[in-house]
Amino acid sequence: MREEYLLAALRMGAGADPVPEGVSAAARAVFGLRVPGGVPAGPVDVAVPRGARSADGTAQAGVRRFSADGLVIDVETAVSGGRMEVAGQVSPAPGPDARIEVRTPHIGKVRVPSGSGHFAVAGLPPGWVSVVCHRPGHAPVFTRWIHVGP
C-alpha cells in the first residue's frame, strides 16, 4: 500500500472510529524517546575488531559502527545470563565532560567515558537499545535503535 493511501485511510478512519487508548499511549511513549536537537549517526560497515568478544566466537556478533558530526561510535552488544551488556568506544575521545547514555525504551544509564572513549553498561533487559553521546557545546549524537535478542 502506498503511503498516501494509508494516510488517507487513517484520516477517514479517524473521523469514524475513535483512536484506541493504547495507540495514543504508545505514540506518546515513542515521542518521548526522541533526542531533541540531536544528530543521528548513520551506520557504517565494519569488520569485527580483534579482541572483541564476538571475534572469538563466544558471543553473537554484535559490533556496529555509527558516524556523525565528526564522531565514530562503536557499539558491541551481547546477552549473558538473560541480561544485555553494551560496550563501546567513541572516537575521537569526546573529552572529560562528555557523557554516554545507553538507553532502552524503559531504562537509561549514563556513563563517563574513559580517556580513550570507552564505555560499558551491563544488566539491561534484552531488546531495543540506543547510545547517545552528550558533549558540552555540541548537539548530542545518537545511534539508531538496535534490537538485541537473547
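Reader: How much of this chain counts as buried?
Author: Of its 150 residues, 29% count as buried. Keep in mind that this is a predicted model.

Reader: OK, and how many helices and strands does the chain have?
Author: There are two helices and eleven strands. Reading from the N terminus, the elements go α-α-β-β-β-β-β-β-β-β-β-β-β.

Reader: What share of the contacts with a separation of 6 or more comes from residues 24 or more positions apart?
Author: Those residues account for 50% of them.

Reader: Let's talk sheets. What's the strand order in the open sheet of five strands?
Author: The order is β2-β3-β4-β5-β8, and the pairing is antiparallel. The edge strands are β2 (42-44) and β8 (118-124), and each of these pairs on one side only. On average, neighbouring strands of this sheet are turned by 25 degrees against each other, ignoring direction.

Reader: What actually holds strands together in a sheet?
Author: In general, strands pair through backbone hydrogen bonds, either parallel or antiparallel.

Reader: Tell me about Glu85. Where does it lie?
Author: Glu85 lies in strand β5, which covers residues 83-91.

Reader: Why is Glu85 called partly exposed, and not buried?
Author: Its relative accessible area is 24%. Buried would need under 20% and exposed over 50%, so Glu85 falls in between at 24%.

Reader: And how far is Glu85 from Val121?
Author: Their C-alpha atoms are separated by 5.8 Å, although the two residues are 36 apart along the chain.

Reader: Switching to β6. Which strands is β6 joined to?
Author: Strand β6 (residues 99-103) is joined to β7 (residues 108-111) by four bridges, and these two run antiparallel. A hairpin of four residues makes the link from β6 to β7. Five bridges also join β6 to β9 (residues 127-134), again antiparallel.

Reader: Which residues stand opposite Glu101?
Author: In β7, Glu101 stands opposite Val110. In β9, Glu101 stands opposite Val132.

Reader: What about Val102, what does it stand opposite in β7?
Author: That would be Lys109.

Reader: What else is Val102 in contact with?
Author: Leaving out neighbours within four places in sequence, the contacts of Val102 include Val86, Ile107, Phe119, Val121, Leu124 and Val131. Gly108, Lys109, Val129 and Ser130 are on the list too.

Reader: Which residues of the largest nonpolar core touch the most other members?
Author: Val86, Val102 and Val131 do, out of 20 residues in that core. The elements that give two or more residues to this core are β3 (63-68), β4, β5, β6, β8, β9 and β11 (146-148).

Reader: Why would nonpolar side chains sit together like that?
Author: In soluble globular proteins, nonpolar side chains tend to be buried together.

Reader: Which peptide bond is cis?
Author: The one from Ser91 to Pro92, with omega near -10 degrees. You'll find Pro92 in the loop between β5 and β6. For background, most peptide bonds are trans, and most residues other than glycine have a negative phi.

Reader: And which residue other than glycine has a positive phi?
Author: Asp69 has one, near 50 degrees. Asp69 lies in the loop between β3 and β4, and with a relative accessible area of 43% it is partly exposed.

Reader: Last one, Pro136: buried or exposed?
Author: Exposed, because its relative accessible area is 51% and the cut-off for exposed is over 50%. Pro136 is found in the loop between β9 and β10 (141-142).

Reader: What is Pro136 in contact with, apart from its sequence neighbours within four places?
Author: Asp97 and Ala98. As for Gly95, its C-alpha atom and that of Pro136 are separated by 9.0 Å, with the two residues 41 apart along the chain.

How values were computed. Residues numbered from 1 in each chain as written. Predicted model: local features only at pLDDT ≥ 70, side-chain atom pairs only at ≥ 80, totals over all residues. Heavy atoms only, no water. Buried < 20%, exposed > 50% of the residue type's maximum accessible area, 1.4 Å probe, protein only. Pairing = 2+ DSSP bridges. Axes fitted to C-alpha atoms, helices over the stretch in contact; angles between N-to-C directions. Core = buried A, V, L, I, M, F, W, Y, C linked by side-chain atoms within 4.5 Å. Contact = heavy atoms within 4.5 Å.
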